[in-house]
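Colleague: I am new to this structure and would like to go through it in questions. Please show it to me before we start.

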Amino acid sequence: MSTSRPPTPSTPASKIQRTPTVTPGGSSRAQEEKILVTVRVRPLSKRELAMKDQKVAWECADSQTILYKGPQQDRAAPTSYTFDKVFGPACQTDLVYEDGAKDVAMSALTGINATIFAYGQTSSGKTFTMRGVTESAVRDIYKHIENNPEREFIIKISAMEIYNENVKDLLRPDSGPLRLLDDPEKGTIVEKLDEEIAKDSQHLRHLIGICEEQRQVGETALNDASSRSHQIIRLTVESRLREASGCVKSFVANLNFVDLAGSERAAQTHAIGARLKEGGHINRSLLTLTTVIRKLSSEKRSGHIPYRDSKLTRILQLSLGGNARTAIICTMSPALTHAEQSRNTLFFATCAKEVTNTAKVNMVVSDKQLVKHLQTEVARLEAELRTPDRASSSDILARKIKQDGNGDGRATEATR
Ligand SMILES: Nc1ncnc2c1ncn2[C@@H]1O[C@H](COP(=O)(O)OP(=O)(O)OP(=O)(O)O)[C@@H](O)[C@H]1O
Ligand SMILES: [Mg+2]
(Lines give C-alpha, C1' and ligand atoms only; values in the text may rest on other atoms or scores of the structure.)
(Ligands and ions follow the chains in the order given, each with its own letter.)
Protein backbone atom coordinates (compact mmCIF):
# COMPACT_ATOMS: atom_id res chain seq x y z
CA MET A 1 0.00 0.00 0.00
CA SER A 2 2.41 2.64 -1.08
CA THR A 3 0.77 5.98 -1.37
CA SER A 4 2.14 9.45 -0.79
CA ARG A 5 1.60 10.61 2.76
CA PRO A 6 -0.47 13.64 3.65
CA PRO A 7 0.98 16.64 5.43
CA THR A 8 0.89 16.60 9.23
CA PRO A 9 -2.57 15.35 10.20
CA SER A 10 -4.82 17.88 11.79
CA THR A 11 -7.45 17.61 14.47
CA PRO A 12 -10.52 15.97 12.94
CA ALA A 13 -12.75 18.39 11.10
CA SER A 14 -15.71 19.13 13.30
CA LYS A 15 -18.26 16.48 12.59
CA ILE A 16 -21.37 17.46 10.80
CA GLN A 17 -24.60 16.57 12.62
CA ARG A 18 -24.40 12.86 13.30
CA THR A 19 -28.02 11.76 13.28
CA PRO A 20 -30.03 12.13 10.11
CA THR A 21 -33.54 13.42 10.72
CA VAL A 22 -36.92 12.29 9.47
CA THR A 23 -39.24 14.96 8.19
CA PRO A 24 -42.75 14.97 9.73
CA GLY A 25 -44.25 13.77 6.45
CA GLY A 26 -42.30 10.55 6.87
CA SER A 27 -39.60 10.95 4.25
CA SER A 28 -36.00 11.61 5.09
CA ARG A 29 -33.49 14.19 4.13
CA ALA A 30 -30.01 12.88 3.54
CA GLN A 31 -27.54 14.24 6.07
CA GLU A 32 -23.89 14.65 5.39
CA GLU A 33 -21.53 13.29 7.99
CA LYS A 34 -17.92 12.21 8.11
CA ILE A 35 -16.95 8.58 8.72
CA LEU A 36 -16.27 7.91 12.41
CA VAL A 37 -12.66 6.76 12.65
CA THR A 38 -11.05 5.27 15.74
CA VAL A 39 -7.73 3.51 16.33
CA ARG A 40 -7.15 0.59 18.68
CA VAL A 41 -3.63 -0.37 19.72
CA ARG A 42 -3.47 -3.94 21.03
CA PRO A 43 -1.01 -5.15 23.68
CA LEU A 44 2.29 -6.65 22.50
CA SER A 45 1.73 -10.29 21.59
CA LYS A 46 3.75 -13.19 23.05
CA ARG A 47 5.59 -13.45 19.75
CA GLU A 48 6.48 -9.77 19.83
CA LEU A 49 7.54 -9.90 23.49
CA ALA A 50 9.79 -12.85 22.72
CA MET A 51 11.69 -10.94 20.04
CA LYS A 52 15.09 -9.62 21.04
CA ASP A 53 15.26 -5.82 21.35
CA GLN A 54 11.53 -5.45 20.81
CA LYS A 55 10.37 -1.91 21.53
CA VAL A 56 7.01 -0.21 21.83
CA ALA A 57 6.91 2.46 19.15
CA TRP A 58 3.52 4.06 19.81
CA GLU A 59 1.92 5.83 22.74
CA CYS A 60 -1.65 7.02 23.22
CA ALA A 61 -1.06 10.57 24.48
CA ASP A 62 -4.76 11.23 25.18
CA SER A 63 -8.14 9.87 24.13
CA GLN A 64 -7.70 11.21 20.58
CA THR A 65 -3.98 11.34 19.91
CA ILE A 66 -1.42 8.71 19.12
CA LEU A 67 2.31 9.48 19.05
CA TYR A 68 5.21 7.76 17.35
CA LYS A 69 8.03 7.22 19.84
CA GLY A 70 10.44 5.11 17.80
CA PRO A 71 13.59 6.19 16.03
CA GLN A 72 12.87 8.71 13.29
CA GLN A 73 13.87 7.24 9.96
CA ASP A 74 11.71 9.27 7.64
CA ARG A 75 11.77 12.96 8.59
CA ALA A 76 8.69 13.71 6.48
CA ALA A 77 6.59 11.14 8.35
CA PRO A 78 4.25 12.60 10.98
CA THR A 79 4.81 11.71 14.63
CA SER A 80 1.38 12.71 15.92
CA TYR A 81 -2.02 11.54 14.65
CA THR A 82 -5.47 12.58 15.82
CA PHE A 83 -8.73 10.66 15.43
CA ASP A 84 -12.25 10.60 16.84
CA LYS A 85 -10.97 8.23 19.52
CA VAL A 86 -7.81 6.31 20.24
CA PHE A 87 -7.88 3.18 22.43
CA GLY A 88 -4.70 2.01 24.17
CA PRO A 89 -3.53 -1.57 24.86
CA ALA A 90 -5.32 -1.78 28.23
CA CYS A 91 -8.68 -0.80 26.75
CA GLN A 92 -11.45 -3.41 26.71
CA THR A 93 -13.53 -4.14 23.62
CA ASP A 94 -16.66 -2.94 25.46
CA LEU A 95 -15.31 0.60 25.46
CA VAL A 96 -14.23 0.35 21.82
CA TYR A 97 -17.82 -0.62 21.03
CA GLU A 98 -19.36 2.12 23.21
CA ASP A 99 -17.23 4.93 21.79
CA GLY A 100 -16.37 3.65 18.37
CA ALA A 101 -19.35 1.73 17.02
CA LYS A 102 -22.54 1.77 19.11
CA ASP A 103 -24.04 5.04 17.94
CA VAL A 104 -23.52 4.17 14.27
CA ALA A 105 -24.71 0.55 14.68
CA MET A 106 -27.90 1.53 16.50
CA SER A 107 -28.93 3.82 13.62
CA ALA A 108 -30.04 0.69 11.80
CA LEU A 109 -32.92 0.44 14.29
CA THR A 110 -34.34 3.67 12.89
CA GLY A 111 -33.97 2.90 9.20
CA ILE A 112 -30.45 4.16 8.58
CA ASN A 113 -27.92 1.86 6.93
CA ALA A 114 -24.85 1.37 9.07
CA THR A 115 -21.48 -0.28 8.62
CA ILE A 116 -18.80 -1.05 11.17
CA PHE A 117 -15.51 -2.30 9.91
CA ALA A 118 -12.09 -3.17 11.21
CA TYR A 119 -9.01 -2.38 9.18
CA GLY A 120 -5.36 -3.09 9.90
CA GLN A 121 -2.40 -5.33 9.15
CA THR A 122 -2.50 -9.05 9.81
CA SER A 123 -2.54 -9.98 13.53
CA SER A 124 -3.39 -6.42 14.62
CA GLY A 125 -6.66 -7.47 16.29
CA LYS A 126 -9.46 -6.97 13.72
CA THR A 127 -11.23 -10.28 14.31
CA PHE A 128 -10.75 -9.98 18.08
CA THR A 129 -12.36 -6.51 17.98
CA MET A 130 -15.17 -7.26 15.51
CA ARG A 131 -16.27 -10.35 17.46
CA GLY A 132 -16.77 -8.27 20.59
CA VAL A 133 -18.36 -5.38 18.73
CA THR A 134 -20.84 -7.67 16.93
CA GLU A 135 -21.74 -9.43 20.18
CA SER A 136 -22.38 -6.10 21.95
CA ALA A 137 -24.43 -4.76 19.04
CA VAL A 138 -26.62 -7.89 18.99
CA ARG A 139 -27.20 -7.49 22.75
CA ASP A 140 -28.19 -3.81 22.30
CA ILE A 141 -30.44 -4.51 19.32
CA TYR A 142 -32.49 -6.97 21.35
CA LYS A 143 -32.47 -4.64 24.36
CA HIS A 144 -33.93 -1.92 22.11
CA ILE A 145 -36.57 -4.32 20.75
CA GLU A 146 -37.57 -5.22 24.31
CA ASN A 147 -37.81 -1.56 25.30
CA ASN A 148 -39.95 -0.62 22.29
CA PRO A 149 -42.91 -3.02 22.39
CA GLU A 150 -45.03 -0.65 20.28
CA ARG A 151 -42.89 -1.53 17.27
CA GLU A 152 -42.64 -4.88 15.56
CA PHE A 153 -39.11 -5.80 14.47
CA ILE A 154 -37.88 -8.35 11.99
CA ILE A 155 -34.15 -9.14 12.01
CA LYS A 156 -32.71 -11.03 9.05
CA ILE A 157 -29.16 -12.17 8.59
CA SER A 158 -27.06 -12.91 5.55
CA ALA A 159 -23.32 -13.42 5.50
CA MET A 160 -20.61 -13.69 2.91
CA GLU A 161 -16.89 -13.93 2.60
CA ILE A 162 -14.69 -12.77 -0.24
CA TYR A 163 -12.00 -15.41 -0.60
CA ASN A 164 -9.47 -15.15 -3.41
CA GLU A 165 -11.86 -12.62 -5.03
CA ASN A 166 -14.76 -15.12 -5.01
CA VAL A 167 -17.90 -14.33 -3.03
CA LYS A 168 -19.18 -17.23 -0.91
CA ASP A 169 -22.32 -17.61 1.17
CA LEU A 170 -21.33 -18.33 4.78
CA LEU A 171 -24.84 -19.57 5.61
CA ARG A 172 -24.78 -22.06 2.69
CA PRO A 173 -21.19 -23.29 2.57
CA ASP A 174 -21.89 -25.79 -0.22
CA SER A 175 -23.03 -23.05 -2.62
CA GLY A 176 -20.55 -22.06 -5.33
CA PRO A 177 -19.13 -18.61 -5.98
CA LEU A 178 -21.89 -16.00 -6.13
CA ARG A 179 -22.29 -13.32 -8.80
CA LEU A 180 -22.61 -9.61 -8.14
CA LEU A 181 -25.43 -7.80 -9.91
CA ASP A 182 -26.12 -4.10 -10.29
CA ASP A 183 -29.53 -3.03 -9.05
CA PRO A 184 -30.59 0.50 -10.01
CA GLU A 185 -32.16 1.09 -6.59
CA LYS A 186 -30.12 -1.00 -4.17
CA GLY A 187 -26.71 -0.74 -5.81
CA THR A 188 -24.62 -3.91 -5.95
CA ILE A 189 -26.41 -7.03 -4.79
CA VAL A 190 -25.10 -10.55 -4.30
CA GLU A 191 -27.15 -12.97 -6.37
CA LYS A 192 -28.71 -15.92 -4.51
CA LEU A 193 -27.27 -14.90 -1.15
CA ASP A 194 -29.24 -16.73 1.51
CA GLU A 195 -31.09 -14.69 4.12
CA GLU A 196 -32.49 -16.13 7.33
CA ILE A 197 -34.91 -14.61 9.79
CA ALA A 198 -33.49 -14.59 13.32
CA LYS A 199 -36.15 -15.85 15.72
CA ASP A 200 -34.46 -14.28 18.74
CA SER A 201 -31.06 -13.17 19.99
CA GLN A 202 -29.94 -16.73 20.73
CA HIS A 203 -30.84 -17.86 17.23
CA LEU A 204 -29.00 -14.86 15.76
CA ARG A 205 -25.88 -15.64 17.81
CA HIS A 206 -26.09 -19.25 16.66
CA LEU A 207 -26.23 -18.17 12.98
CA ILE A 208 -23.31 -15.78 13.46
CA GLY A 209 -21.39 -18.67 15.04
CA ILE A 210 -22.04 -20.81 11.95
CA CYS A 211 -20.65 -18.04 9.72
CA GLU A 212 -17.49 -17.81 11.81
CA GLU A 213 -16.97 -21.56 11.62
CA GLN A 214 -17.28 -21.48 7.84
CA ARG A 215 -14.89 -18.63 7.30
CA GLN A 216 -11.47 -19.29 5.77
CA VAL A 217 -8.82 -19.18 8.47
CA GLY A 218 -5.18 -20.26 8.19
CA GLU A 219 -1.98 -20.22 10.17
CA THR A 220 0.80 -17.81 9.26
CA ALA A 221 4.02 -16.86 11.01
CA LEU A 222 2.25 -13.79 12.42
CA ASN A 223 -1.13 -15.21 13.39
CA ASP A 224 -2.19 -18.76 14.33
CA ALA A 225 -5.73 -18.00 13.19
CA SER A 226 -5.34 -15.51 10.39
CA SER A 227 -8.49 -14.56 8.48
CA ARG A 228 -7.84 -15.41 4.85
CA SER A 229 -11.00 -13.75 3.53
CA HIS A 230 -12.99 -10.57 4.06
CA GLN A 231 -16.14 -11.35 6.03
CA ILE A 232 -19.35 -9.36 5.87
CA ILE A 233 -22.18 -10.20 8.26
CA ARG A 234 -25.25 -8.27 7.25
CA LEU A 235 -28.29 -7.80 9.46
CA THR A 236 -31.40 -6.36 7.87
CA VAL A 237 -33.49 -4.59 10.47
CA GLU A 238 -37.10 -3.91 9.56
CA SER A 239 -39.59 -2.34 11.94
CA ARG A 240 -43.03 -0.82 11.96
CA LEU A 241 -45.58 0.32 14.46
CA ARG A 242 -47.89 -2.52 15.41
CA GLU A 243 -51.30 -3.07 13.71
CA ALA A 244 -53.45 -0.79 15.84
CA SER A 245 -51.78 2.39 14.61
CA GLY A 246 -52.74 1.73 10.99
CA CYS A 247 -49.31 2.90 9.89
CA VAL A 248 -48.19 1.44 6.58
CA LYS A 249 -44.57 2.50 6.53
CA SER A 250 -41.70 0.38 7.77
CA PHE A 251 -38.15 1.39 8.48
CA VAL A 252 -35.63 -0.86 6.82
CA ALA A 253 -31.86 -0.73 7.05
CA ASN A 254 -28.79 -2.90 6.64
CA LEU A 255 -26.25 -3.19 9.40
CA ASN A 256 -22.92 -4.58 8.15
CA PHE A 257 -20.18 -5.97 10.34
CA VAL A 258 -17.06 -6.20 8.22
CA ASP A 259 -13.98 -8.05 9.38
CA LEU A 260 -11.38 -7.53 6.70
CA ALA A 261 -8.43 -9.80 6.09
CA GLY A 262 -5.24 -7.97 7.02
CA SER A 263 -2.58 -6.59 4.76
CA GLU A 264 0.55 -8.68 4.96
CA ARG A 265 4.09 -9.00 3.75
CA ALA A 266 5.20 -12.41 2.60
CA ALA A 267 8.58 -11.73 4.22
CA GLN A 268 6.87 -11.42 7.61
CA THR A 269 4.15 -14.06 7.27
CA HIS A 270 6.56 -16.52 5.51
CA ALA A 271 3.67 -17.35 3.22
CA ILE A 272 4.16 -19.84 0.42
CA GLY A 273 1.74 -21.75 -1.83
CA ALA A 274 -1.94 -21.25 -0.99
CA ARG A 275 -1.18 -18.71 1.77
CA LEU A 276 0.90 -16.63 -0.64
CA LYS A 277 -1.90 -16.65 -3.24
CA GLU A 278 -4.43 -15.62 -0.57
CA GLY A 279 -2.11 -12.85 0.59
CA GLY A 280 -1.86 -11.53 -2.98
CA HIS A 281 -5.65 -11.32 -3.33
CA ILE A 282 -6.01 -9.76 0.12
CA ASN A 283 -3.41 -7.07 -0.58
CA ARG A 284 -4.88 -6.25 -4.00
CA SER A 285 -8.41 -5.70 -2.71
CA LEU A 286 -7.11 -3.68 0.26
CA LEU A 287 -5.14 -1.55 -2.16
CA THR A 288 -8.37 -0.81 -4.06
CA LEU A 289 -10.09 0.02 -0.77
CA THR A 290 -7.26 2.42 0.10
CA THR A 291 -7.46 4.06 -3.33
CA VAL A 292 -11.23 4.48 -3.02
CA ILE A 293 -10.87 6.03 0.45
CA ARG A 294 -8.01 8.29 -0.67
CA LYS A 295 -9.97 9.56 -3.68
CA LEU A 296 -13.13 10.11 -1.64
CA SER A 297 -11.15 12.03 0.96
CA SER A 298 -9.55 14.44 -1.46
CA GLU A 299 -11.11 17.88 -1.27
CA LYS A 300 -12.36 17.91 -4.82
CA ARG A 301 -13.78 14.38 -4.70
CA SER A 302 -14.29 14.56 -8.41
CA GLY A 303 -13.27 12.07 -11.03
CA HIS A 304 -13.55 8.35 -11.16
CA ILE A 305 -13.81 6.38 -7.91
CA PRO A 306 -12.66 2.81 -8.71
CA TYR A 307 -15.33 0.93 -6.70
CA ARG A 308 -15.54 -1.68 -9.45
CA ASP A 309 -11.88 -2.69 -9.18
CA SER A 310 -12.58 -5.13 -6.35
CA LYS A 311 -15.57 -7.12 -5.12
CA LEU A 312 -14.99 -5.73 -1.63
CA THR A 313 -15.40 -2.09 -2.70
CA ARG A 314 -18.34 -2.95 -4.98
CA ILE A 315 -20.18 -4.63 -2.13
CA LEU A 316 -19.28 -1.86 0.33
CA GLN A 317 -19.94 1.02 -2.09
CA LEU A 318 -22.92 2.44 -0.16
CA SER A 319 -20.83 2.48 3.02
CA LEU A 320 -18.00 4.37 1.36
CA GLY A 321 -19.32 7.82 0.59
CA GLY A 322 -22.97 6.77 0.13
CA ASN A 323 -26.27 6.17 1.92
CA ALA A 324 -24.94 4.76 5.20
CA ARG A 325 -23.34 5.76 8.46
CA THR A 326 -19.92 4.20 8.75
CA ALA A 327 -17.50 3.61 11.60
CA ILE A 328 -14.01 2.28 10.97
CA ILE A 329 -11.93 0.80 13.76
CA CYS A 330 -8.29 0.70 12.71
CA THR A 331 -6.25 -1.83 14.66
CA MET A 332 -2.49 -1.89 15.09
CA SER A 333 0.35 -3.47 17.01
CA PRO A 334 2.46 -1.16 19.18
CA ALA A 335 5.64 -3.04 18.18
CA LEU A 336 8.51 -1.22 16.54
CA THR A 337 8.94 -4.19 14.18
CA HIS A 338 5.54 -3.34 12.66
CA ALA A 339 5.99 0.44 12.65
CA GLU A 340 5.84 0.82 8.89
CA GLN A 341 2.67 -1.24 8.53
CA SER A 342 1.14 0.69 11.42
CA ARG A 343 1.99 3.95 9.66
CA ASN A 344 0.15 2.68 6.57
CA THR A 345 -2.84 1.92 8.76
CA LEU A 346 -2.73 5.42 10.24
CA PHE A 347 -2.44 6.91 6.76
CA PHE A 348 -5.58 4.98 5.75
CA ALA A 349 -7.33 6.16 8.93
CA THR A 350 -6.30 9.78 8.27
CA CYS A 351 -7.86 9.66 4.80
CA ALA A 352 -10.96 7.83 6.03
CA LYS A 353 -11.85 10.56 8.52
CA GLU A 354 -12.21 13.01 5.63
CA VAL A 355 -14.75 10.87 3.77
CA THR A 356 -18.31 12.17 3.86
CA ASN A 357 -21.35 9.88 3.74
CA THR A 358 -24.95 10.90 3.11
CA ALA A 359 -27.23 8.64 5.11
CA LYS A 360 -31.00 8.88 5.11
CA VAL A 361 -33.87 7.07 6.72
CA ASN A 362 -35.06 4.25 4.45
CA MET A 363 -38.73 3.39 4.39
CA VAL A 364 -40.79 0.80 2.61
CA VAL A 365 -44.50 0.33 2.11
CA SER A 366 -45.57 -3.28 1.73
CA ASP A 367 -48.38 -4.10 -0.69
CA LYS A 368 -50.16 -6.17 1.92
CA GLN A 369 -50.02 -3.47 4.57
CA LEU A 370 -51.07 -0.80 2.07
CA VAL A 371 -54.10 -2.76 0.83
CA LYS A 372 -55.18 -3.45 4.40
CA HIS A 373 -54.75 0.17 5.34
CA LEU A 374 -56.70 1.41 2.32
CA GLN A 375 -59.54 -1.04 2.97
CA THR A 376 -59.85 0.27 6.52
CA GLU A 377 -59.77 3.83 5.26
CA VAL A 378 -62.44 3.18 2.61
CA ALA A 379 -64.68 1.57 5.24
CA ARG A 380 -64.18 4.51 7.57
CA LEU A 381 -64.88 7.09 4.85
CA GLU A 382 -67.99 5.22 3.74
CA ALA A 383 -69.24 5.23 7.30
CA GLU A 384 -68.61 8.94 7.60
CA LEU A 385 -70.37 9.67 4.31
CA ARG A 386 -73.43 7.81 5.58
CA THR A 387 -73.57 10.31 8.45
CA PRO A 388 -72.97 13.62 6.56
CA ASP A 389 -73.47 15.81 9.63
CA ARG A 390 -70.17 14.62 11.12
CA ALA A 391 -68.05 16.00 8.34
CA SER A 392 -68.37 17.00 4.72
CA SER A 393 -66.86 14.58 2.23
CA SER A 394 -64.47 17.26 0.95
CA ASP A 395 -63.23 17.79 4.52
CA ILE A 396 -62.65 14.10 4.86
CA LEU A 397 -60.81 13.97 1.56
CA ALA A 398 -58.65 16.95 2.48
CA ARG A 399 -57.83 15.39 5.84
CA LYS A 400 -56.96 12.12 4.20
CA ILE A 401 -54.60 13.76 1.68
CA LYS A 402 -52.93 15.68 4.47
CA GLN A 403 -52.54 12.55 6.57
CA ASP A 404 -50.98 10.55 3.79
CA GLY A 405 -48.69 13.44 2.89
CA ASN A 406 -48.17 11.78 -0.49
CA GLY A 407 -45.65 14.21 -1.95
CA ASP A 408 -43.29 13.91 0.98
CA GLY A 409 -43.97 10.41 2.15
CA ARG A 410 -42.77 8.54 -0.89
CA ALA A 411 -41.11 5.30 0.03
CA THR A 412 -37.61 4.46 -1.14
CA GLU A 413 -38.97 1.15 -2.35
CA ALA A 414 -42.56 0.84 -3.47
CA THR A 415 -43.11 -2.77 -2.58
CA ARG A 416 -41.56 -5.60 -0.66
N1 LIG B 1 -6.86 -5.89 22.14
C2 LIG B 1 -6.39 -7.13 22.30
N3 LIG B 1 -6.14 -7.62 23.53
C4 LIG B 1 -5.67 -8.87 23.70
N5 LIG B 1 -5.38 -9.72 22.69
C6 LIG B 1 -5.61 -9.30 21.44
C7 LIG B 1 -6.12 -7.98 21.17
N8 LIG B 1 -6.23 -7.84 19.85
C9 LIG B 1 -5.83 -9.00 19.32
N10 LIG B 1 -5.45 -9.88 20.25
C11 LIG B 1 -4.93 -11.23 20.00
O12 LIG B 1 -3.98 -11.14 18.95
C13 LIG B 1 -4.09 -12.22 18.05
C14 LIG B 1 -4.36 -11.70 16.63
O15 LIG B 1 -5.63 -11.07 16.62
P16 LIG B 1 -6.67 -11.20 15.40
O17 LIG B 1 -6.74 -12.60 14.91
O18 LIG B 1 -7.90 -10.55 15.84
O19 LIG B 1 -5.91 -10.33 14.29
P20 LIG B 1 -6.44 -9.94 12.85
O21 LIG B 1 -6.18 -8.50 12.69
O22 LIG B 1 -7.80 -10.40 12.65
O23 LIG B 1 -5.42 -10.73 11.92
P24 LIG B 1 -5.66 -11.31 10.44
O25 LIG B 1 -5.67 -10.16 9.51
O26 LIG B 1 -4.48 -12.21 10.21
O27 LIG B 1 -6.94 -12.06 10.46
C28 LIG B 1 -5.20 -13.11 18.60
O29 LIG B 1 -4.62 -14.14 19.34
C30 LIG B 1 -5.99 -12.18 19.50
O31 LIG B 1 -6.62 -12.88 20.54
MG1 LIG C 1 -8.72 -11.68 11.36
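Modeller: What follows is a set of questions and answers on the model.

Modeller: This is a predicted model, in which local features need pLDDT of at least 70 and side-chain atom pairs count only at pLDDT 80 or more, while totals for chains, interfaces and linings use all residues. Residues are numbered from 1 along each chain as its sequence is written, and chains are lettered from A and ligands numbered from 1 in the order in which they are written.

Colleague: How many helices and strands are there in the protein?

Modeller: Helices (H or I, at least four residues) and strands (E, at least two) are taken as DSSP runs, numbered from the N terminus. On that basis the protein has 11 helices and 19 strands.

Colleague: What percentage of the residues of the protein count as buried?

Modeller: A residue is buried if 20 or more other C-beta atoms lie within 10 Å of its own, exposed if 12 or fewer, and partly exposed in between, with C-beta atoms placed from the backbone. Of the 416 residues, the part that counts as buried is 41%.

Colleague: Are α4 and α5 roughly parallel or roughly antiparallel to each other?

Modeller: Helix α4 covers residues 126–147 and helix α5 residues 201–214; they pack with their axes 10 Å apart, at an angle of about 160 degrees. Axes are lines fitted to C-alpha atoms, for helices over the stretch in contact, and angles run from 0 to 180 degrees between N-to-C directions. Angles under 35 degrees count as roughly parallel, over 145 as roughly antiparallel, 65 to 115 as roughly perpendicular and the rest as oblique. The two helices are therefore roughly antiparallel.

Colleague: Which residues make the contact of α4 with α5?

Modeller: Two residues are in contact if their C-beta atoms, placed from the backbone, lie within 7 Å. From α5 the contact takes S201, L204, R205 and I208, and from α4 it takes T134, V138 and Y142.

Colleague: In what order do the strands of the open sheet with β3 lie?

Modeller: Two strands pair if DSSP finds at least two bridges between them. β3 and β4 are joined by 3 bridges, and β4 (residues 65–68) also pairs with β5 over 3 bridges. The edge strands, each pairing on one side only, are β3 (58–60) and β5 (80–82). The pairing is antiparallel and the order is β3-β4-β5.

Colleague: Which residue of β4 is the bridge partner of E59?

Modeller: A hairpin of 4 residues leads from β3 to β4. The bridge partner of E59 in β4 is L67.

Colleague: Does E165 count as exposed or as partly exposed, and why?

Modeller: E165 lies in the loop between β8 (151–163) and β9 (166–169). Its phi is near 70 degrees, a positive value in a residue other than glycine. Because E165 has 15 C-beta neighbours inside 10 Å, E165 is partly exposed.

Colleague: Is K192 buried or exposed?

Modeller: K192 sits in the loop between β11 (187–190) and β12 (196–197). Phi of K192 is positive too, near 65 degrees. With 12 other C-beta atoms within 10 Å, K192 is exposed.
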